[in-house]
Amino acid sequence: MRERFWERFPLEELTNEEWEALCDGCGQCCLLKFQDDEGDLAVLNVACELLDIQGCRCSDYAHRFEKVPDCQQLTVERIEEFRWLPRSCAYRRLAEGRKLAGWHPLISGDPERVHRKGISVRSFAVSQSEVPEEELEDHIIAILPIDG
């Protein structure tokens, strides 16, 4: 990867490896979400069945779309569709013209810092495999208004 690529190049010019390296490992994008008729998005503390909650990484990243048809791929072309990403997310921060947070692994060199700072889902998420479908509404932790 190119040195400090996130500061030197626009998102559109990143290599696939650089794009993937932007992921801070928080796991927030892997939390289940439901959109209501008004367009608001309910975020649950329930993580996709493939998320390794302790590591906050997909346990089968290469085959995630086959195993989880609802899995969404974040690409630079689609970044505007992902307004629900947390403000802490590196993809969102850079798309909005902000810098990476000091705790980000590319800055700190410490992939555990995202967990120690309480940004990851490690401390509160439960696996989708542990929650019956009829109880999912009981796990809503936030309602996000999504414009348009």
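**Salt bridges, core and pocket**

Student: Is arginine 78 buried, exposed or partly exposed here, and what is the relative accessible area?

Tutor: Arginine 78 is partly exposed, with a relative accessible area of 25%. Keep in mind that this is a predicted model.

Student: Okay, and which residue does arginine 78 form a salt bridge with?

Tutor: The partner is glutamate 81, and the closest N and O atoms are 2.9 Å apart. Glutamate 81 is itself partly exposed, at a relative accessible area of 48%.

Student: Which residues are linked in a network of salt bridges?

Tutor: Arg87, Arg92, Glu96 and Arg98 are linked that way. Within that group, glutamate 96 pairs with arginine 92, where the closest N and O atoms are 2.8 Å apart. Glutamate 96 also bridges to arginine 98, with 2.9 Å between the closest N and O atoms.

Student: How accessible are glutamate 96 and arginine 98?

Tutor: Glutamate 96 has a relative accessible area of 40%, which is partly exposed. Arginine 98 is partly exposed as well, at 22%.

Student: Switching topic: which residues touch the most other members of the largest nonpolar core?

Tutor: That core has 20 residues, and the ones touching the most other members are Leu11, Trp19, Leu22, Leu74 and Tyr91. Helices H1 (5–8), H2 (16–21) and H4 (90–95) each supply at least two residues of the core. H4 gives the most, with three residues.

Student: What does leucine 11 touch?

Tutor: Leaving aside residues up to four places away in sequence, leucine 11 touches Trp19, Leu22, Val76, Ile79, Tyr91, Leu94 and Ala95. There is also a second, separate core of eight residues, with Ala47, Leu51, Ile53 and Val121 among them.

Student: Now the pocket. How much space lies in the largest pocket?

Tutor: About 1300 Å³. Its lining is made up of 46 residues, and Cys29, Cys30, Lys33, Gln72 and Trp84 lie nearest the centre.

Student: Which elements give two or more residues to that lining?

Tutor: Those are H2, strand S1 (31–35), strand S4 (57–58), helix H3 (64–67) and H4. S1 gives the most to the lining, with five residues.

Student: And how does the lining split by class?

Tutor: There are 28 nonpolar, six polar and twelve charged residues in the lining of the largest pocket.

How values were computed:
Residues numbered from 1 in each chain as written. Predicted model: local features only at pLDDT ≥ 70, side-chain atom pairs only at ≥ 80, totals over all residues. Heavy atoms only, no water. Salt bridge = Lys/Arg side-chain N within 4 Å of Asp/Glu carboxyl O. Buried < 20%, exposed > 50% of the residue type's maximum accessible area, 1.4 Å probe, protein only. Core = buried A, V, L, I, M, F, W, Y, C linked by side-chain atoms within 4.5 Å. Helix = DSSP H or I, 4+ residues; strand = E, 2+ residues; numbered from the N terminus. Contact = heavy atoms within 4.5 Å. 1 Å grid on protein atoms, 1.4 Å probe; cavity = no way out; pocket = protein on both sides within 12 Å on 5 of 7 lines; lining within 4 Å. Points joined across faces, edges and corners; volume = space filled by probe spheres on them. Nonpolar A, V, L, I, M, F, W, Y, C, P; charged D, E, K, R; others polar.
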